[in-house]
Each structure stands twice: as C-alpha cells, then as structure tokens.
Amino acid sequence: MSIEAAASSLVVGVLLGGIFSLTALGLSLVLGVMRLVNLAHGEFLVLGAYAGYYLLTVTGIDPLLGLPLIAAAMGLVAAPLYRFLIQPLMGRGVEAPMMTMFGLSIVLQNLYTAAFSADTRSIETGYSALALNLGPVTVGLVYVMGFAISIGIVGLIHLLVSRTAFGRDLRASAQDAGAAAIVGVNVPRVQMLTFALGAACAGAGGTLSGLVNSFTPASGAAYLLNSFAVVVLGGLGSVLGTLLAGITVGILQSLGGVLFGDGYRDLVALLVFLAVLIVRPQGFMAGRG
Amino acid sequence: MAPMIDGGDQGLFLDRPALPSHALIDSLRSNNSGGLKMRRALVTIGLLVSLLLAAAGRAEEIVIGASLPLSGQLASFGAFQRWGYEHAVAEVNHAGGIAIGGKFLPVRLEIRDDKSDANISAGNVENLISRDHAAALLGSCTPALVSAGALVAERHRLPMVTGCDPRRAFTSAHPWKYVWDVFFDEAELAAAPFKALADAHVTTNRKVAILHDNGPDGQVVGGELWPELARTYGLTVVVSTSFPVDNTQFTSIIADAKAKGAEIMLVDAITPQAVAIRKQIATAGYHPRVLVIEKGAEPAQFGGGLGALADGVMVGGYWDSSFPYPGARDLLMAYERETHQRGSQHIADSYAATKVLLAALATAGSVGGEAINATIAKTNATFVVGPVRFDAQHFAPLPIVEVQWQQGRTVVVWPAKAATGKLLFPIP
C-alpha cells in the first residue's frame with residue numbers, strides 16, 4: 001500500500017475514532033454511574049440513526065442541524081424507561097437490570113423491524129459523499145464534520161461532569177451511591193438523568209454513524225461490541241478516557257486494515273483490547289475525567 | 001366450631017359441617033377418586049379430539065414451509081422472497097387449491113424468520129417439518145442459509161425447491177436428492193460485466209480492483225472467477241481482497257485501489273456492505289470508471305439508500321419484467337400495486353420456485369415426499385423466469401443479463417437483445 005493510501009486510512013481512523021468516542025460515551029456514563037451494563041445501547045444508537053434518517057426524509061431538516069432535537073427526544077424516551085424498567089431493579093444485583101436491558105434490546109430490534117422494515121438505510125445528504133483533499137490525504141467531509149461534532153459533544157459532557165452541580169452529584173453517585181444519598185444527593189434522579197444523558201449521546205452518535213455508514217434494525221450488536229471495547233479501554237465512566245479510547249480504537253482498526261486488509265480491522269483492535277484488559281483492566285483513565 | 005378431624009388434621013375444614021372422621025375421609029377418597037377419573041377421562045377425550053381435529057385439519061390443507069431471512073443482514077432479500085412465495089400460493093388458492101386424491105385442498109404457507117442466521121434456518125426447517133407437518137419446503141436465500149435448511153430437508157427426505165443459491169455453491173454443498181434449485185450460474189454472472197464492457201467497447205486503463213465477501217458465493221465469484229476472467233480479457237488485477245460479511249469499513253481497500261489507479265472496481269457484497277462501500281468510495285475521492293457490485297446492488301434499497309450515488313453501478317441480473325416469459329410484466333405490476341414499492345428480481349425466482357413446487361404437487365396428486373420429488377425431477381416448462389428443467393445436479397440455470405442503476409431505476413444494458421437502455425459510461 002502506498003504512503004498516501006496508508007495516511008488517508010489512518011486519518012480516517014482518527015476521525016472515525018472521534019465518532020466512536022461519542023457512540024460509546026453513553027454506555028460508559030451509565031456503566032460508571034449506575035453500574036448498569038446497558039445491553040440495549042446498540043439499539044439506542046440504531047434509533048438515533050433512524051431518527052436522523054426520518055428527520056431528513058420526512059421534514060427535510062438536515063440531521064446535523066437536528067442533532068439537538070434528536071438528542072433531546074432520545075433523552076425523553078429514555079427517562080421513563082429508567083423509571084419503570086430499571087429503577088425498580090436497582091440495588092438488586094447486576095444481573096436483573098442487565099437481563100432487562102438484554103430483553104429490551106430484543107424488543108427494540110423487533111419493533112424497529114416492524115416499524116421501519118428490515119431494509120438497509122443510509123442517511124444521504126448533499127455533503128455525505130463529498131471528499132476533502134488535504135495534501136496527499138483524502139477523507140470524507142462527513143468524517144471531519146462527525147469528528148468535530150463528537151469532540152464538541154464529548155467536551156461539553158466533560159464540562160457538565162466536572163464543572164456543574166449535577167456533575168458533582170453524578171461523580172458522587174458513581175463513587176458511592178449510598179454515601180451520596182446520605183449527604184443529600186437524590187441518587188435515583190441523578191441515575192435517571194445519567195441514563196437519559198447516555199441515551200441522548202447515543203442518539204447523536206447513532207445519527208453520525210448513519211451518515212458515514214449504512215444501518216439496519218440489526219446493526220446494534222456491532223455498535224455495542226465496538227462501544228464496549230472503547231469503554232473498557234477508556235475506563236468506566238471516564239469522559240476523557242472514552243475520547244482517548246475511541247480515537248485509539250479508530251487508529252487500531254485502521255492500522256489493522258492497512259497492515260492486513262480491512263477484513264482484519266476488528267481483529268487487531270479487539271486483540272489490543274484484550275491485551276489492555278490483561279495489563280490494565282481499569283482502562284486508560286479510570287477515576288480521571 | 002370445633003374441629004372434628006383427628007390429630008394432625010387440626011386447622012383444616014374449620015367451616016365444614018361436622019362429620020365423623022372416617023366418613024369424611026371415605027367421602028373425600030370417593031370424591032377425589034371420582035373427580036380424578038372424570039378429569040382424566042375428559043383430558044383423554046380432549047386430547048383425542050384435538051388429535052383427530054389436527055389430523056383432520058392436516059388432511060384439509062396442504063402445508064408448505066419456508067424459512068426466510070425476514071430480519072438481519074439479508075432481510076432485504078427475504079421481503080421480496082416472502083412476497084413471491086405468498087403470491088404464488090394465493091394464486092393457487094384463488095383457483096381452488098390443488099387436487100389431492102381427487103379432492104381440492106387449499107395450500108397453507110407457513111413462513112418462519114431465520115434472522116439471516118444459518119443455525120436458525122436449520123432449526124426453522126426442523127420445526128416446519130416436525131411441528132407444522134409441512135408436505136414440502138421452499139428455500140431461504142444465499143448459500144449459507146439455503147444449505148442449512150436444505151440439509152435438514154434432505155435428512156427428512158422432504159422435497160424442497162429453492163432459488164437464491166447459485167450453481168456452484170448449491171451443487172458443491174451436497175449431492176442433493178430432495179432439494180432443487182432455480183437460480184443462476186456463478187460463472188455466467190461473473191462473466192457478464194466483462195462481456196458487457198467488451199461489447200460496449202469501453203476504454204479504461206484495464207486495471208481492476210476486486211473486493212468480495214468471504215461467503216461461499218463471494219469466494220467463488222470474487223475469489224476465483226473474476227481473477228481468471230480478468231486475465232482472459234487482458235485486464236490487470238491490482239487489488240484483490242476479501243472481507244467478512246459483517247464488515248462495515250472498507251477505507252483501506254478503497255484507498256489502496258485508488259492509489260493503484262484501478263479504473264474498474266468489481267465488488268461482491270450483500271446490501272448493507274454494498275451501500276457502505278459505495279459511500280466510502282465517494283468520500284475517498286475515488287472515481288472508478290466502472291463499478292460493479294454483485295448481489296448487494298440488486299435490491300431496490302440499494303438505489304433507495306444511495307440516491308444519485310447508485311447511478312452507474314452495474315449488477316448481474318437473472319430477471320426483468322421486460323423478459324418475454326409468461327406473466328413477467330404482470331408479476332412486477334402486482335408487486336408494485338400491492339406493496340407500493342419498487343420490485344426486485346427476487347420476486348421472480350421465489351415465485352417461480354413456488355410454482356414449480358405447486359405444479360409438482362398438482363401433477364403428483366399426493367402429499368407424499370417421494371411422489372412430489374419424482375414429479376419435480378420431471379419439470380420441463382416455462383415459468384416467469386424462463387424455461388425450467390433440472391439437470392442431474394438438481395439445478396435449473398437462469399439466463400443472465402447485466403443491469404445498471406440509472407436515475408433511480410435498474411436498466412438492462414446487456415446483452416443487446418434484452419437491453420432496455422444504453423450503458424452509462426463512465427459512471428457519474
């Protein structure tokens with residue numbers, strides 16, 4: 001492979017990695033704060049992709065301009081899910097909420113098939129097929145836009161978590177929910193808002209994924225696997241760790257593609273993921289950011 | 001009231017009228033015994049009635065089973081096949097059913113979703129045979145899913161007619177005795193774009209990039225036939241690589257093909273990958289002059305998902321409503337009228353496979369597997385996809401054409417005698 005081709009692939013990897021960090025952020029927050037393995041996270045991402053698709057095709061609103069709307073709608077959908085499905089199970093071990101989310105993922109997948117059909121979809125805009133030439137490197141404009149938006153959202157979430165009263169409550173709940181409750185933190189409310197925030201991030205990330213790729217009602221499993229790798233590499237609940245891990249996974253996948261072919265992208269990334277699990281199981285930045 | 005039952009029974013029957021203990025026990029024993037007998041008798045009668053009704057029900061209809069990918073990666077094919085199967089069965093039922101033993105019986109089509117998973121496909125066929133008592137079967141789609149179900153049918157010696165499984169993948173999977181396939185030959189499909197480009201006298205730098213999935217048909221077309229054909233036609237293969245069927249990123253392969261200046265790109269992939277590849281070709285700033293995407297570019301969702309980006313993409317085809325076969329135009333019109341969606345060639349092979357099976361049932365006049373199977377073997381008629389006659393390997397090949405996406409529709413561009421439009425070259 002030529003140097004130009006390898007460089008283009010690696011830059012695309014970095015840009016995709018930024019989007020990965022956003023798609024994984026919701027999973028990381030929910031896991032870090034609520035100790036909930038959200039096995040329906042992939043389906044939340046798929047719902048975000050459908051939301052972007054229908055926003056464009058039905059209303060004509062550009063999905064990037066509509067991202068705040070999509071994120072807000074996802075948060076509003078997620079809040080009652082937490083209240084009625086998850087909250088009654090909190091404090092009863094990890095298995096019950098996890099299996100509930102697994103069941104929810106199956107229900108959502110079937111609902112999507114019934115509502116949207118099993119057809120392959122892709123969000124097509126005027127800019128989603130444009131290429132950007134940066135010297136010898138060529139990348140899609142939509143990758144650059146997706147990266148910039150993802151970094152922006154991850155940055156905002158970092159500020160929310162580190163600089164606001166809600167962030168303080170969130171961090172307190174993540175460290176010790178019992179102690180946080182004793183000092184006056186409304187832990188169920190914090191958990192509900194965290195779950196909604198996670199779904200909002202998934203909605204935005206799903207829309208970006210739908211812009212750069214195709215999706216079907218069954219795409220959630222692949223999204224979830226990728227997000228798990230990012231979360232474990234970054235450290236549970238670490239916003240900056242998730243950003244770093246997302247970009248790392250993107251670069252590793254591209255390296256795998258450059259060195260061994262695109263068929264080995266995931267293999268290389270997951271091998272490194274397993275190695276990190278052995279050497280540093282707490283992730284890059286557990287407990288920080 | 002004081003308890004009247006001795007010892008350990010204190011606390012029971014506190015509100016019942018007093019009875020001597022032995023009388024109460026006898027009464028209970030007698031009542032229980034009678035009640036149990038009665039219940040057992042009722043249950044037995046109920047079961048017998050159910051069995052008789054089930055048997056009678058089975059005798060009053062002919063069950064045909066099918067496992068289809070209605071969800072998952074291959075769902076875009078499954079939806080068309082389902083319609084083809086259901087439409088053929090509905091036509092037969094509308095005409096009064098099929099005569100079995102001198103009595104016309106309706107046909108019931110039992111369809112199960114295999115979720116694009118070969119293991120589920122096999123399980124579905126097992127259930128269709130054992131639980132639904134299917135008299136015969138229709139196939140799934142793609143070699144992996146068809147073979148998984150077909151092997152179960154073969155084990156049960158139950159006839160299955162399928163489409164959606166090309167010759168080499170079908171015939172190499174098993175020496176079939178009860179499974180029959182109406183579809184195209186990979187060798188003809190693989191050669192079609194080469195022949196179409198040669199006949200159109202298009203000019204390129206003769207450099208080819210080949211990308212194919214590692215499924216059975218992808219390996220045959222992309223891994224074996226295309227490299228051979230490229231040599232035969234004097235082309236140079238500068239990139240040739242495979243990828244798993246669930247891959248979503250192809251940026252490295254595309255960047256490599258672009259860097260090596262391939263003006264012809266040949267891809268064999270299912271629809272989700274086909275859409276992703278076309279988008280990633282565009283975002284990489286790569287402009288091959290010829291782009292062939294076998295398999296995945298055929299369903300209407302490819303054009304629907306990509307819009308103008310689909311224009312110019314070529315794909316092998318085995319059916320078009322313009323073909324001079326009985327009912328071809330009517331079939332497409334019926335599909336579009338009922339579903340308000342654009343049709344696909346998959347409605348034709350699924351419809352034809354069902355018609356072959358139903359014709360065999362009618363000719364055999366029996367729901368016995370051996371009788372149906374023997375009749376399928378003798379099929380020699382023209383259906384909506386053209387003449388169907390099975391060879392010794394249980395395969396009936398369909399003629400191949402090359403189609404191209406042009407302004408949101410597929411147009412037959414090769415061979416000249418079947419063409420409904422001119423080849424768009426180079427792609428926009």
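Contact here means heavy atoms within 4.5 Å. On that rule, the contact between chain A and chain B takes 36 residues from chain A and 33 residues from chain B. The structure is a predicted model, in which local features need pLDDT of at least 70 and side-chain atom pairs count only at pLDDT 80 or more, while totals for chains, interfaces and linings use all residues. Residues are numbered from 1 along each chain as its sequence is written, chains are lettered from A and ligands numbered from 1 in the order in which they are written, and side-chain values use heavy atoms, with hydrogens and water left out.

The size of an interface is often given as the accessible area lost when the parts come together. Buried area is accordingly the accessible area (1.4 Å probe) that two parts lose on being put together, summed over both. Chain A and chain B bury about 2,500 Å² between them, and 52% of this lies on carbon and sulfur atoms. Of the area that chain A buries against chain B, 22% is supplied by A:Thr120, A:Asn213 and A:Asp262, more than by any other three residues.

Side chains of opposite charge can pair when their charged atoms come close. A salt bridge is taken as a side-chain nitrogen of Lys or Arg within 4 Å of a carboxyl oxygen of Asp or Glu. Across the interface of chain A and chain B the rule finds one salt bridge. B:Lys279 and A:Glu124 meet in a salt bridge through their side chains, at 3.3 Å from N to O. A polar contact is a pair of N or O atoms within 3.5 Å; within protein, one must be able to donate a hydrogen and the other to accept it, and residues adjacent in sequence count only if both atoms are side-chain atoms. There are 14 residue pairs in polar contact across the interface of chain A and chain B, both residues being at pLDDT 80 or more.

Helices (H or I, at least four residues) and strands (E, at least two) are DSSP runs, numbered from the N terminus. The elements that give two or more residues to the side of chain A that touches chain B include helix 1 (3-34), helix 4 (95-116) and strand 3 (137-140) of chain A. Helix 1 of chain A gives the most to this side, with four residues. Counting Ala, Val, Leu, Ile, Met, Phe, Trp, Tyr, Cys and Pro as nonpolar, Asp, Glu, Lys and Arg as charged, and the others, Gly among them, as polar, the residues of the side of chain A that touches chain B divide into 16 nonpolar, 16 polar and four charged.

Attention now turns to the inside of chain B. An automatic or database domain assignment supplies the domain bounds, and chain B is divided into domain 1 (62-184 + 324-397) and domain 2 (188-317 + 402-418). The C-alpha centres of domain 1 of chain B and domain 2 of chain B lie 29 Å apart. Their contact takes 16 residues from domain 1 of chain B and 24 residues from domain 2 of chain B. These two domains bury about 1,500 Å² between them, 59% of it on carbon and sulfur atoms. B:Gln73, B:Arg168 and B:Arg342 supply 38% of the area that domain 1 of chain B buries against domain 2 of chain B, more than any other three residues.

Across this domain interface the rule finds two salt bridges. B:Arg168 also pairs with B:Glu224 in a salt bridge, at 2.9 Å from N to O.

Within chain B, the side chains of B:Arg112 and B:Asp132 meet in a salt bridge of 3.1 Å, N to O. Because B:Arg112 lies in strand 4 (residues 107-113) of chain B and B:Asp132 in the loop between helix 3 (118-130) and strand 5 (136-138) of chain B, the pair ties together parts that are 20 residues apart in sequence. Buried means under 20% relative accessible area, exposed over 50%, and partly exposed in between (1.4 Å probe, protein chains only). B:Arg112 is partly exposed at 22%, whereas B:Asp132 is buried at 14%.

In strand 5 of chain B lies B:Ala136, which counts as buried at 0% relative accessibility. Leaving aside neighbours within four places in sequence, the contacts of B:Ala136 include B:Val63, B:Leu158 and B:Leu357.
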